[in-house]
Amino acid sequence: MAKFQTQLVHGPVDTNDPYGAVVLPIYPATTYAYPAIGTAPQYDYGRSGNPTRHAVEAQLAALEGGQAAFAFASGMAAIHAALAIFQAGDHLVVGKQIYGGTFRLLKEFFARWDLTITAVDTRDLAAVAAAIQPNTKAIYFEPVTNPLLQVTPVAPLARLAHQHGLLTIVDNTFLSPYLAQPLRWGADIVIHSATKYLAGHSEVSAGVSPGG
Ligand SMILES: Cc1ncc(COP(=O)(O)O)c(C=O)c1O
């Protein structure tokens, strides 16, 4: 990969702009023309894909060292989408210190889907191991927590998860890919509230979920 700072400025997507714009223009179009009957354009409908969103997703996937990323209108939407991969009867081990909105989503919404959780202090590897049940599917945590900034190293937890065939899902909001890239340490899915440090100026609500 290009040097991180170079990657930040240039990104992996060529703007390909007919007027030579050096940043990718924002495409508000919801619908795209088919050049001819039977030939599918790269983008046809904004909800399914859009050049601007594609550039953001490709950039975040590259910065996190992932294979793909999916952008959302908020961090909670990204978390909701990531958790929706599980099925009724599944169990997750989650950090005791996770963002309150995530905890409420699990306790008040996903509980209705029969998704159960055990909350543990993820700094204690033995406690995490002891919380794993036969139906556990993932370990979900924040390596630097909101709000107490408790630090959990990713690699040991990812190793433990892989030993048990579990996914490791990391909310990397408080670090950003500039400070940590959890996929490189063995995590499977990373989540960001892009509303925070990725956007940086308190005027954008966004979420993103890159995966390895
Ligand atoms: C660590 C963390 N994850 C997720 C969220 C939710 O993100 P959003 O507010 O963009 O929906 C927040 C918001 O404060 C957060 O701090």
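**Figure 1. Surroundings of Phe72 in the predicted model.** In this predicted model, Phe72 touches Ala77, Ala78, Ala81, Ala206, Gly207 and Val208, leaving aside residues up to four places away in sequence. Phe72 belongs to strand S1. Phe72 counts as buried because it has 22 C-beta neighbours inside 10 Å, and the cut-off for a buried residue is 20 or more. Phe72 and Val208 are 136 residues apart along the chain, and their C-alpha atoms are separated by 5.8 Å.

Figure 2. Of the 5 residues of S6, 5 are buried, so the strand is largely enclosed by the rest of the structure. Ile189, Ile191 and Ser193 point one way from S6, whereas Val190 and His192 point the other way. In a regular strand the side chains alternate between the two faces of the sheet. S6 pairs with S5 in the parallel sense over 3 bridges, and Val170 stands opposite Val190. S6 and S7 run antiparallel and are joined by 3 bridges. In S7, Val208 is the bridge partner of His192; Val208 is also among the residues that Phe72 touches.

**Figure 3. The largest nonpolar core.** This core has 41 residues, and Ile139 and Ile169 are those with the most contacts inside it. Helices H2 (51–64), H3 (75–83) and H6 (154–163) each supply at least two residues of the core, as do strands S1 (68–72), S2 (91–95), S4 (136–141), S5 (167–171) and S6 (189–193). H2 gives the most, with 6 residues. Beyond residues up to four places away in sequence, Ile139 touches Val93, Val128, Leu157, Ala161, Leu166 and Thr168.

**Figure 4. Helix H2 and the elements packed against it.** H2 has 14 residues and reaches 20 Å from its first C-alpha to its last, close to the 20 Å expected at 1.5 Å a residue. The buried residues in H2 are Ala55, Val56, Glu57, Gln59, Leu60, Ala61, Ala62, Leu63 and Glu64. An α-helix has 3.6 residues a turn, so residues three or four places apart point the same way. The buried residues of H2 pack against helices H1 (4–10) and H7 (176–179) and against strands S1, S6 and S7 (207–211). Just after H2, Gly65 takes a positive phi of about 75°.

**Figure 5. The shell around the ligand.** The ligand is surrounded by 16 residues, the closest being Ser74, Gly75, Met76, Ser193 and Thr195. H3 and helix H4 (100–109) are the elements that give two or more residues to this shell. By type, the shell divides into 10 polar, 3 nonpolar and 3 charged residues. Ser193 is also a buried residue of S6.

Figure 6. Most residues other than glycine have a negative phi, and most peptide bonds are trans. The peptide bond from Asn146 to Pro147 is cis, with omega near 15°. Pro147 is placed in the loop between S4 and H6, and Leu149 is found in the loop between S4 and H6 as well. Leu149 has a positive phi of about 55° although it is not a glycine. With 10 other C-beta atoms within 10 Å, Leu149 is exposed. Ser176, likewise not a glycine, has a positive phi of about 70°. Ser176 lies in helix H7 and counts as partly exposed, with 17 C-beta neighbours inside 10 Å.

Conventions:
Residues are numbered from 1 along each chain as its sequence is written. This is a predicted model: local features need pLDDT of at least 70, side-chain atom pairs count only at pLDDT 80 or more; totals for chains, interfaces and linings use all residues. A nonpolar core is a set of buried Ala, Val, Leu, Ile, Met, Phe, Trp, Tyr and Cys residues joined through C-beta atoms within 7 Å. A residue is buried if 20 or more other C-beta atoms lie within 10 Å of its own, exposed if 12 or fewer, and partly exposed in between; C-beta atoms are placed from the backbone. Helices (H or I, at least four residues) and strands (E, at least two) are DSSP runs, numbered from the N terminus. Two residues are in contact if their C-beta atoms, placed from the backbone, lie within 7 Å. A residue is near a molecule or strand if its C-beta atom, placed from the backbone, lies within 6 Å of it. Ala, Val, Leu, Ile, Met, Phe, Trp, Tyr, Cys and Pro count as nonpolar, Asp, Glu, Lys and Arg as charged, and the others, Gly among them, as polar. The expected span of a helix is 1.5 Å times one less than its number of residues. Two strands pair if DSSP finds at least two bridges between them.
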